[in-house]
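User: I should like to learn how to read several features of a protein model. Could you please guide me through them in turn?

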Amino acid sequence: MSGRQHDRGGRGPATAAHRPAADGAVPEVRGEELAARLRGRLLRPGDPGYEPARRLWNGMIDRRPALVARCRGEEDVVAAVRHARDRGLPLAVRGGGHGVAGQALCDGGLVIDLSEMREVTVDPDARTARARGGCTLADVDGATQRHGLAAPLGVVSATGIAGLTLSGGMGWLRRSHGLSCDNLLSARVVTADGRVLTARAEENPDLFWAIRGGGGNFGVVTSFEYRLHPVGPEVYFCNVYFPAERAREVLRDCERCLRESPVPAGPIGVLGRIPEAPEFPPGAHGRPFVALLALFPGDPAEGERALLPFRDIAEPIADLSGVLPYTAAQAVLDEDYPDGRRYYWKSVNADGLGDELIDRLTAHAAAAPSPDSTIDIWYQGGAMARVGEGETAFANRSSPYLFGIEGNWTAAADSAANVAWVRDTVADLRAYSGGGTYLNFPGFLEEGEQQLREGYGRNYERLTRIKTRYDPGNLFRLNANIRPRG
């Protein structure tokens with residue numbers, strides 16, 4: 001995450017009958033009955049469109065499903081869920097965008113692909129929007145900004161709303177308006193038995209609680225209804241880069257500014273290396289930096305004044321701050337995350353930001369094998385911390401900091417070194433953590449139940465009970481999986 005101006009991969013379970021052969025061939029799975037039921041297309045290996053349909057944003061992921069159901073509506077999703085359940089097929093669910101762990105695909109099974117379900121309906125008077133499960137942030141922002149409104153979503157416009165919201169949803173508006181899941185008013189969910197349920201506070205409240213942070217464990221969410229807030233159409237965006245040797249001063253002063261003069265902005269500190277881009281002085285290319293990025297959701301003139309202390313902490317390498325359309329601010333980071341690059345991310349919460357910890361963060365960032373990798377410091381608190389720990393399934397709200405360790409690289413030959421860097425960094429930072437992780441930055445979910453208990457916190461046992469009720473056979477298991485009892 002560098003913020004230049006111009007939504008994630010382990011292998012899920014597959015039975016031997018459905019696992020591709022050593023030569024990459026996919027065992028044939030008959031799908032004529034499902035194809036006859038779909039309004040959308042059913043793709044098989046060899047069909048036109050199959051190869052693009054099995055490619056993910058994360059270039060590390062290479063899987064070959066037997067069937068890809070390009071759903072056009074809720075009835076298509078119901079048919080696909082029932083088909084996978086009745087035939088014992090591994091089932092993956094693909095939304096509209098990123099997914100760093102790569103669990104939107106499975107080998108030899110069925111993929112429910114929602115990417116053609118992208119309609120957004122806005123009620124400007126009620127300040128609500130309903131978005132279908134294949135939408136990206138750009139789809140929702142484009143529709144809501146016509147009315148000067150926004151849903152709290154993520155920070156990269158190509159991210160899919162589904163995975164983002166179901167596992168929490170950290171974005172620029174988290175301190176002013178909360179997480180994506182905090183602004184979810186209702187959802188339509190296709191459950192493992194093929195029913196279509198509405199989940200909201202007054203209807204199926206246990207399911208509604210679970211999908212706000214519990215991930216895709218409970219069904220396929222075909223639409224999301226969000227609460228909207230007045231934001232835009234223009235905002236002030238802070239985007240300033242300092243020399244990495246000023247990291248202590250920059251990160252601690254940002255903390256002090258938030259504490260002494262609270263502003264409705266959710267800063268992200270970034271440690272990385274200056275890219276070879278025209279926005280930066282040529283002599284700075286490759287130089288370690290510490291950056292502060294923040295979006296002010298109110299009046300841009302007020303935002304410039306409020307965020308000036310962030311920009312004046314030290315002499316910058318470059319200051320790219322300014323007034324932007326809200327949709328452009330949401331896309332500032334897009335170029336840092338192109339399709340096909342290799343990604344491996346993990347995260348760890350922290351209780352403080354002392355000098356020793358900042359020094360370790362800076363050293364780890366400088367040691368990254370890839371110049372595109374970063375360590376991101378998410379300043380938490382504000383509105384997201386005012387929601388009780390048990391009010392939604394999203395846990396670890398009281399942690400003031402989240403560190404996102406992002407391994408981003410291009411060549412397959414560099415994968416081992418970059419994955420090792422992320423894992424080693426996380427292992428070192430755990431000494432400064434009271435526990436907790438963000439399951440939208442999950443690595444390959446290789447740590448099993450320990451990682452899940454950290455991610456779901458004290459809500460894990462309740463989530464297990466709800467999982468057992470709605471998906472006792474664990475059909476929806478390609479996710480941060482909560483195993484049903486028995």
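Analyst: This is a predicted model.

User: What is the phi of Asn-474, and is the residue buried or exposed?

Analyst: Asn-474 is not a glycine, yet its phi is positive, at about 55°. The residue is buried, because its relative accessible area is 9% and buried means under 20%.

User: Which place does Asn-204 have, and what is its phi?

Analyst: Asn-204 sits in the loop between strand 9 (196-200) and helix 7 (205-211). Its phi is near 50°, again a positive value in a residue other than glycine. Asn-204 is partly exposed, with a relative accessible area of 22%.

User: Which residues does the cis peptide bond join?

Analyst: The bond joins Gly-232 and Pro-233, and its omega is about 10°. Pro-233 belongs to the loop between strand 11 (229-230) and strand 12 (234-243).

User: How does one judge the span of helix 11?

Analyst: One compares an expected span with the distance between the end C-alpha atoms. Helix 11 (residues 355-366) has twelve residues, so at 1.5 Å a residue it should span 16 Å; the end C-alpha atoms are 17 Å apart, which agrees.

User: Which residues of helix 11 are buried, and what covers them?

Analyst: The buried residues are Leu-357, Ile-358, Leu-361, Thr-362, His-364 and Ala-365. Seen down the axis of helix 11, they fall within an arc of 165°, so they line one face of the helix. Their cover includes helix 8 (247-260), strand 13 (268-273), strand 17 (342-350), strand 18 (374-379), strand 19 (401-409) and helix 12 (415-429).

User: What are the contacts of Leu-166?

Analyst: Leu-166 is found in helix 5 (residues 161-166) and is buried, with a relative accessible area of 7%. Leaving aside neighbours within four places in sequence, Leu-166 is in contact with residues including Ile-211, Arg-212, Val-221 and Phe-224. Leu-166 and Leu-445 are 279 residues apart in sequence and 16 Å apart in space, C-alpha to C-alpha.

How values were computed:
Residues numbered from 1 in each chain as written. Predicted model: local features only at pLDDT ≥ 70, side-chain atom pairs only at ≥ 80, totals over all residues. Heavy atoms only, no water. Helix = DSSP H or I, 4+ residues; strand = E, 2+ residues; numbered from the N terminus. Buried < 20%, exposed > 50% of the residue type's maximum accessible area, 1.4 Å probe, protein only. Contact = heavy atoms within 4.5 Å. Expected span 1.5 Å × (residues − 1). Arc of directions from axis to C-beta.
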